[in-house]
Amino acid sequence: MTRRYLAIRPNDVSQPVSPFSFADRMMRDMMRVFGDFSPEMGYVDPDKVLAIPRGDFYRKDGKIFAEFEIPGIDPSRVELNVFEDRLTLKAEKADEKTVDENDVFRCERYYGTVSRSIQFPVEVDPDSAKAAFKNGVLTVEVAEKVQAERMKKVTIEGQ
């Protein structure tokens, strides 16, 4: 059975409505048909694009928070790395069931790998990172790195 990747979300309200969406869809279908004959045309099949999970990112009380929507993904299949300047997330949603392709009459759910990297606005302390997963939302909390104000008193030499 052919599966589509997570990047394709039908009826996604975040995408602007275009009066040319029908023509755009026709053009993509034509390019998909001719894609095998002319790879230099630069068409990227949206079914094969690596998905990027959506999220919210904010600062509060000296901490950086990142919340990612990753519904249906087992937390044990999530790889989360926190560096001083960034966060990286990689997860995989696998199809566990086996169904004969001839028995499927409609397939709307997506399976595959999702990946995201976020640059922090300030340096953080990776050792302070905490993560929790609830109702399909992964919440990451990291403390901002506290740096003591450095100063040196300079004496001015006179003549």
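Me: Why is phenylalanine 68 called buried?

Reply: Buried means under 20% relative accessible area, exposed over 50%, partly exposed in between (1.4 Å probe, protein chains only). Phenylalanine 68 has 0% relative accessibility, so it counts as buried. Phenylalanine 57 has 35%, so it counts as partly exposed. This is a predicted model: local features need pLDDT of at least 70, side-chain atom pairs pLDDT 80 or more, while totals for chains, interfaces and linings use all residues. Residues are numbered from 1 along each chain as its sequence is written, and side-chain values use heavy atoms, without hydrogens and water.

Me: How do you know that tyrosine 58 and phenylalanine 65 are stacked?

Reply: Rings of Phe, Tyr and Trp (its six-membered ring) pair if their centres lie within 6.5 Å; planes under 30 degrees apart are stacked, over 60 edge-to-face, the rest tilted. Tyrosine 58 and phenylalanine 65 are 5.2 Å apart, centre to centre, with 15 degrees between the planes. That makes the pair stacked. Tyrosine 58 is partly exposed at 33%; phenylalanine 65 is buried at 13%.

Me: What makes arginine 86 sit over the ring of phenylalanine 83?

Reply: The rule asks for NZ of Lys or CZ of Arg within 6 Å of the ring centre and within 35 degrees of the ring normal. The charged end of arginine 86 is 3.9 Å from the centre of the phenylalanine 83 ring. It counts as sitting over that ring.
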